[in-house]
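Please look at the sequence and the model shown below before reading on.

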Amino acid sequence: MDLAAVIVVETVYAVASLILISAGLAIVFGMMKVINLAHGEFMMMGGYATITAVNLGINIYIAMLVIAPIVVGLIGLLVERLVIRHLYGRLVDTMLATWGLSLFFVGIVTMIFGNTTTGISTPIPGISIGDYQINGYNFFIVIISILLVLLIYFVLKGTRLGLIARGTMQRSDMAAALGYSPDRIYMATFFVGSALSGLAGAVLAPLVGLVPSSGGAYIAKAFITVISGGPSVIAGLISSGGFFGVVNQFFTFAISPVVGEVALLVSAVILLRLLPQGVTGRFLKGKL
Amino acid sequence: MREITLQRFAIALVIAGIVMTLLPLMVGTYTLTLLLVYGMLAMSLGLIWGFGGILCFGQAAFFGLGAYAYAIAAINFGESTVPMIIAVLVPAAFAAVLGGMMFYGRLGDVYLGVITLVVTLIFFKFMNSTAGPEYVIGTARLGGFNGIPGYQTLNVPGLPEQYIYGDSLYYVTFIALFVVYWLVNWVLQSPFGRVAVAIRENEQRASLMGYDIRARKTVLFAVGGAIAGLAGAFYANWAEIVTPGLFSLGQSAEIIIWCIVGGLGTRLGPILGAAGLAYLKFKLGQQMLIDNAVITGIILVLFVLFLPKGLVPAIEKIWRLSVGRKRGRRPARSRRGRAASHG
């Protein structure tokens with residue numbers, strides 16, 4: 001019974017963390033059709049921003065939820081202005097350029113912080129269920145993920161800003177004709193996407209030992225989740241995040257964590273073979 | 001595509017011979033061998049990406065597979081001739097299966113990229129976790145994170161005691177690269193290669209003309225895998241150890257960067273890009289001021305933004321604009337004359 005509870009909690013956590021990791025990339029890819037391969041490095045920089053802020057004596061929650069997104073968002077803004085905006089509509093070129101950026105950021109962070117592992121301790125103590133101990137921080141991540149998905153949904157669906165953004169993504173020429181500058185809106189969207197990446201990296205920072213190259217661990221998972229999700233931002237995120245999270249945890253508990261990881265990757269290959277347009281390319285079409 | 005003539009082949013042979021003897025005077029053969037291996041690896045991606053339009057984010061998978069296949073076979077057989085063949089066949093077969101799965105599923109560009117990337121990651125994760133004694137193929141232990149050391153390196157066929165190493169490994173690798181380069185040339189100017197380029201240019205039109213795109217792409221992908229596997233086998237001989245790092249994302253990224261910088265859609269470009277950038281990296285590794293990744297990253301971004309076609313086409317263009325202009329008219333006229341005589 002206790003074990004069942006632990007498995008449920010761990011599975012929910014796995015799904016939530018996948019969604020958290022992928023949210024920033026999903027916004028940028030779903031809305032702008034730009035694949036940001038520097039996404040993992042944005043997360044890594046979010047983590048470093050948090051750690052630096054905490055070491056300077058700032059409250060950890062402020063550091064994670066406010067400072068890191070703003071810092072990474074601003075970096076994203078700079079990247080968009082300097083590189084990405086020249087490459088809109090050239091999918092493969094953006095992938096390559098952002099891959100270059102990811103290498104660049106890894107190098108820069110290595111030069112500043114050194115190639116050593118840094119970390120902060122989790123601010124929430126563990127919780128015991130029967131004989132088992134669960135990291136209490138996992139619940140925090142689950143809550144953050146749920147809030148994040150609700151927030152994205154509300155902003156896109158309920159606000160005028162979201163309406164303008166969605167309109168621009170569908171028909172930028174129409175939006176321009178109605179007096180909204182697509183250039184500005186792309187810029188703002190990329191800022192939001194980067195900020196979300198920073199937030200994700202910051203929230204996950206206490207759980208992992210952070211090294212300059214830790215972005216690589218995230219990018220593949222985020223990339224797979226977003227692409228398998230397909231064109232809809234939120235429906236795709238939830239469906240593929242849910243699927244991969246469950247597959248991963250099932251094999252992790254049944255066999256071993258490594259097999260869990262491999263099972264996730266293999267299931268992604270099979271899923272894409274069966275649904276080449278992603279989950280929401282076939283099901284839940286037209287949903288947000 | 002210019003035709004392969006005996007004359008052009010002879011000229012290339014002479015140039016290659018001169019380059020082969022002159023290079024060791026400037027750079028040590030130990031470093032040179034690695035540069036050649038990387039050149040061969042880049043050529044494999046240059047073939048399938050530059051001429052087939054297949055962007056593979058996981059060319060490192062075939063490279064690593066070739067190296068591992070060689071190491072495992074060499075331990076089991078105790079000599080190197082059969083392992084070399086196995087190291088080409090295994091990645092080729094794997095590429096054919098993987099390619100068949102992807103192309104018969106009619107996957108788009110991005111999805112192709114994701115799947116190849118994921119496959120590379122699977123290898124990386126799996127090989128890293130094979131430290132236990134239960135992971136054995138024949139008498140070879142896979143060794144997990146530490147990789148496989150201590151296998152038989154390249155020897156003269158039939159004579160397991162006659163090792164080929166050091167300077168002679170460099171010459172053998174150079175000759176192998178030259179042979180593969182001309183095989184690629186031959187493939188590209190054969191009907192198969194021409195149809196591959198047609199598919200790259202317009203897939204729908206080629207398929208409407210009756211060519212089986214899926215089969216052709218699969219075969220091309222397998223050829224690319226075979227070349228990458230051969231490069232992997234030479235790498236295994238050079239390094240004398242194979243580790244899961246061969247399957248890393250960084251390795252895949254580098255191959256793509258070489259191709260972009262050297263010039264896509266050219267045959268020499270990827271080789272030169274690989275050798276040049278690998279040498280640059282080697283030189284940069286000796287200084288502590290700037291991290292290597294920063295420079296690699298900046299190079300990739302700048303090339304995508306300002307020189308997306310790569311160095312070789314750019315140099316060709318400059319050459320044609322400056323030096324070639326004076327002689328430019330004569331070839332044009334002779335070409336017209338030939339066309340007229342055909343007509």
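## A network of charged side chains

Which residues are linked with Glu80(A) in a network of salt bridges? In this predicted model, Glu80(A) is linked with Arg81(A) and Asp183(A) in such a network. The side chains of Arg81(A) and Glu80(A) meet at 3.1 Å, N to O, while Asp183(A) and Arg81(A) form a salt bridge whose closest N and O atoms are 3.3 Å apart. Because Asp183(A) belongs to helix α8 (residues 182–204) of chain A and Arg81(A) to helix α3 (residues 60–82) of chain A, their pairing ties together parts that are 102 residues apart in sequence.

Glu80(A) counts as buried, at 0% relative accessibility, whereas Arg81(A) is partly exposed, with a relative accessible area of 24%. Asp183(A) is partly exposed too, with a relative accessible area of 35%.

## Salt bridges elsewhere

Side chains of opposite charge can pair when their charged atoms come close. Over all chains, the structure holds 10 salt bridges. One of them joins Asp212(B) and Arg214(B), with the closest N and O atoms 3.7 Å apart. Asp212(B) is partly exposed, its relative accessible area being 35%, and Arg214(B) is partly exposed as well, with 29%.

## Where the two chains meet

How many residues of chain B are in contact with chain A? There are 38 residues of chain B in contact with 39 residues of chain A. The area buried between chain B and chain A is about 3200 Å², and carbon and sulfur atoms give 86% of this area. Across this interface the rule finds one salt bridge, in which the side chains of Glu261(A) and Lys125(B) meet at 2.9 Å, N to O. The rule also finds two residue pairs in polar contact across the interface of chain B and chain A, both at pLDDT 80 or more.

On the side of chain B that touches chain A, the elements giving two or more residues are α4 (81–104), α5 (109–128), α10 (249–262) and α12 (292–306) of chain B. The helix that gives the most to this side is α5(B), with 11 residues. Sorted by class, the side of chain B that touches chain A has 30 nonpolar, five polar and three charged residues.

## Two helices, one from each chain

Helix α12(B) has 15 residues, which at 1.5 Å a residue should span 21 Å, and its end C-alpha atoms are 21 Å apart, in agreement with that expectation. Several residues of α12(B) are buried, among them Asn292(B), Gly297(B), Leu300(B) and Phe303(B). The buried residues of α12(B) pack against α4 (91–113) of chain A, together with α10, α11 (269–284) and α13 (311–321) of chain B.

The partner from the other chain, α4(A), has 23 residues and reaches 32 Å from its first C-alpha to its last, close to the 33 Å expected at 1.5 Å a residue. After α4(A) comes Gly114(A), whose phi is positive, near 80°.

Most residues other than glycine have a negative phi. Lys33(A) is partly exposed, with a relative accessible area of 42%.

In chain B, Glu240(B) has a positive phi of about 60° although it is not a glycine. The place of Glu240(B) is in the loop between α9 (213–239) and β6 (241–242) of chain B, and Glu240(B) is partly exposed, with a relative accessible area of 44%.

## A buried glutamate in chain B

Is Glu254(B) buried or exposed? Glu254(B), which is found in helix α10 of chain B, is buried, with a relative accessible area of 17%. The side chain of Glu254(B) makes a polar contact with the side chain of Lys281(B), at 2.7 Å. Glu254(B) and Tyr38(B) are 216 residues apart in sequence, and in space they are 9.7 Å apart, C-alpha to C-alpha.

Technical notes:
Residues are numbered from 1 along each chain as its sequence is written. Chains are lettered from A and ligands numbered from 1 in the order in which they are written. This is a predicted model: local features need pLDDT of at least 70, side-chain atom pairs count only at pLDDT 80 or more; totals for chains, interfaces and linings use all residues. Side-chain values use heavy atoms; hydrogens and water are left out. Contact means heavy atoms within 4.5 Å. Buried area is the accessible area (1.4 Å probe) that two parts lose on being put together, summed over both. A salt bridge is a side-chain nitrogen of Lys or Arg within 4 Å of a carboxyl oxygen of Asp or Glu. A polar contact is a pair of N or O atoms within 3.5 Å; within protein, one must be able to donate a hydrogen and the other to accept it, and residues adjacent in sequence count only if both atoms are side-chain atoms. Helices (H or I, at least four residues) and strands (E, at least two) are DSSP runs, numbered from the N terminus. Ala, Val, Leu, Ile, Met, Phe, Trp, Tyr, Cys and Pro count as nonpolar, Asp, Glu, Lys and Arg as charged, and the others, Gly among them, as polar. The expected span of a helix is 1.5 Å times one less than its number of residues. Buried means under 20% relative accessible area, exposed over 50%, partly exposed in between (1.4 Å probe, protein chains only).
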